[in-house]
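Please look through the model below, one region at a time.

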Amino acid sequence: MKPSVWVIDDDKSIRWVLERALAEAGMAVRTFESAEPLRSALGEEEPDLIITDVRMPGEDGFAVLRRIREHHPGLPVILTTAYSDMDAAVAAFEEGAFEYLPKPFDVSEAVSLARHAMNRETETRGAVPEAPAERPEILGEAPSMQGVFRVIGRLSNSQTNVLITGESGTGKELVARALHRHSPRAQQPFVALNTAAVPAELLESELFGHERGAFTGAVERRIGRFEEAEGGTLFLDEIGDMPADLQTRLLRVIAEGEYQRVGGRQLLHTDVRIIAATHQDLPRLIEQGAFREDLFHRLNVVPLPLPALRERREDIPQLASHFLKEVADELGLPSKQLDQQTLELLLEASWPGNVRELENLCR
């Protein structure tokens, strides 16, 4: 049975062009010059898709869309208009249109959109709504990710320092948070600091805090990240960018469990677990004299390398579907589905930005 498409437009030439193109594409087409006869037709049967103009005599396309959303919620609607602007486009999607097609449009694009809309409608019509599921911490079925999960599991009763390595965008902070949540310190604070994002002259104060008057602009005492994380976990991202003098001070804090605020004399004791991360090759930095070898060994008690996305391509479909659903939920929109050809392109991409790049693309 041919899929059915109804076209509503007061322009006879538009109706003729769409009717011919959609019929040649194997669809059964019915046309209307206004919304009034559409109302009675919908009382008798329901098509697989409606394509309607926005500006028409009598009831306009937005009114048609609202009525269909109310009485035929599974029926996709494509809006077309010769008066396209940002407000109209935004309103179309807010009202629940499947797509917004400004005139003049390419006929092949209209046919492609029609197919896409009906494929999506076929997938979702009659589907049983899924019960809300708890958002997974980290997704991945690739063997390399299963290895990461095993390390997290083995460390669930441990408070050992961990060094996470991997390219930018591989999810190092996500893994650090998972290590914290599955540790004896889970009920205590998790504090994250990207050492590369803080100017070198402020990083010491950021880590250890400062006393009032310690330097120009220090108008009051401020606690540092070590104090904030007391009893919990301190995540130091991009540790390879830490200046040499701070590496020395960090080493002393890890070794002795003591430090002082900048400009202070009081000796403070600390009880934190340190999870560090970097995209850099720390052994190479050690050879160049840019990173302390003794600090490396203090941090690298348990090394945890994360794979690049190109090394776990089998996870791309699951990740993309998850991100699309997550964004749709945020925006209050129906979840999008990946076309097979699109998925093939994603699987072949090089992904220099890794999982973060894929998430941003989906968003």
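Thr 165 has Pro 305 of strand E12 as its bridge partner; strands (E, at least two residues) and helices (H or I, at least four) are DSSP runs numbered from the N terminus. The model is predicted, so local features need pLDDT of at least 70 and side-chain atom pairs count only at pLDDT 80 or more, while totals for chains, interfaces and linings use all residues. Residues are numbered from 1 along each chain as its sequence is written, and side-chain values use heavy atoms, with hydrogens and water left out.

Strand E6 and strand E12 (residues 302-305) run parallel and are joined by 4 bridges; two strands pair if DSSP finds at least two bridges between them. E6 (residues 162-165) also pairs in the parallel sense with E11 (residues 273-278), over 4 bridges. In that pairing, Val 162 is bridged to Ile 275 of E11.

Helix H3 covers residues 61-71, and its buried residues are Gly 61, Phe 62, Ala 63, Val 64, Leu 65, Arg 67 and Ile 68. Buried means under 20% relative accessible area, exposed over 50%, and partly exposed in between (1.4 Å probe, protein chains only).

His 72 sits in the loop between H3 and strand E4 (77-81). His 72 counts as buried because its relative accessible area is 17%. Leaving aside residues up to four places away in sequence, His 72 touches Leu 42, Glu 46 and Arg 67, where contact means heavy atoms within 4.5 Å.
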